Amino acid sequence: MSRGEKEKMKRMRKRIGIVVLIILAFGIFNLIPSFSKYSNSAAITANEMELIDGMIFKSPVIKRLEIDLDNRAKEIEAEKQRQLELDKNKKIAYLTFDDGPSLKSTPKILDILKENDVPATFFVLGSMAERNPETLKRVHEEGHSIGHHSYSHNYNYIYGNPNNFMAELKKTDDLFKRILGEDFNTNLLRFPGGQFGAKKNEYARIAKKEGYISHNWNALNGDSEGHNMSTNFLLNRLKSTVGNQKEVVILMHDTDAKATTVKSLQSSIDFLRNNGYEFRRLPEN
Ligand SMILES: [Zn+2]
């Protein structure tokens, strides 16, 4: 055995000796009740926690921080209650535009909404979205809500049976994803012609089961009550149907034929604002 190897052996024996001593010492401590109490790691942890608690958490600085946090939480809660109370008395207007997106009217409507910082909801036709995908993208990018209004707007077909109706929703959903990205999702739905009459109950039930939420309207500007209705007529129809309702969902159309809806939009927004309405969009999900 070389000198180096002997040294190594010596060191190794020394280490083994120390380890044996430690094991023996623990064994003895465990036999003596007062030591075994401290060899219990849970007991030490609990004791330590108590110590730390006494030293740190009960210090005046921490106590003051605790009080500050408590006061802040109370302030936030009070602010939330004030906001809820304000919301209860608020007048809300949801502008909704059906049958687009169109080539000429929709971009003009988007310009006016942007200038006035007003959010709106567009119930689009799949067939129109296919024709004007860039406009649909703009509607989405400018923060407005997009909802379903069928693909074809062909009453005979979509109301022929619920399968046809649902197939058009599915087709339009696929289109939305193709144009706006896979992550886009909307469950907003407006029935062409509105969800009125017993005949549509079954359609509504199936659509609801599939997660769609149907929205009718309780005010309108009358732009579908004839061709090229004057801006005066549209504004008066809006005023009379809004009345003194607290929350209004206003039906309008953004097809290219509805040029006077575009023309009267600024006055319509002004009228609603002057009468205390705040503008909101219907939530997509
Ligand atoms: Zn429509």
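**Loop backbone**

Guide: Serine 150 sits in the loop that runs between β3 (145-148) and α8 (155-158). The model is predicted. Most residues other than glycine have a negative phi, and most peptide bonds are trans. Serine 150, although not a glycine, has a positive phi of about 75 degrees. Serine 150 counts as buried because 26 C-beta neighbours lie inside 10 Å, and the cut-off for buried is 20 or more.

Histidine 153 is likewise placed in the loop between β3 and α8. Its phi is positive, about 65 degrees, although histidine 153 is not a glycine. With 17 other C-beta atoms within 10 Å, histidine 153 is partly exposed.

Another loop, between β1 (91-98) and α5 (105-116), holds proline 101. The peptide bond leading from glycine 100 to proline 101 is cis, and its omega is near 0 degrees.

Helix α9 (residues 162-180) and helix α10 (residues 201-209) have axes that come within 10 Å and cross at roughly 40 degrees. The two helices, α9 and α10, are therefore oblique to each other. The crossing in which α9 passes α10 is right-handed. On the α9 side, Pro162, Phe165 and Met166 meet Glu202, Tyr203 and Ile206 of α10. Sorted by class, this contact of α9 with α10 has five nonpolar residues, one charged and no polar.

Definitions and conventions:
Residues numbered from 1 in each chain as written. Predicted model: local features only at pLDDT ≥ 70, side-chain atom pairs only at ≥ 80, totals over all residues. Axes fitted to C-alpha atoms, helices over the stretch in contact; angles between N-to-C directions. Helix = DSSP H or I, 4+ residues; strand = E, 2+ residues; numbered from the N terminus. Parallel < 35°, antiparallel > 145°, perpendicular 65-115°, else oblique. Left-handed = near helix turned anticlockwise from the far one by under 90°. Contact = placed C-beta atoms within 7 Å. Nonpolar A, V, L, I, M, F, W, Y, C, P; charged D, E, K, R; others polar. Buried ≥ 20, exposed ≤ 12 C-beta atoms within 10 Å, placed from the backbone.
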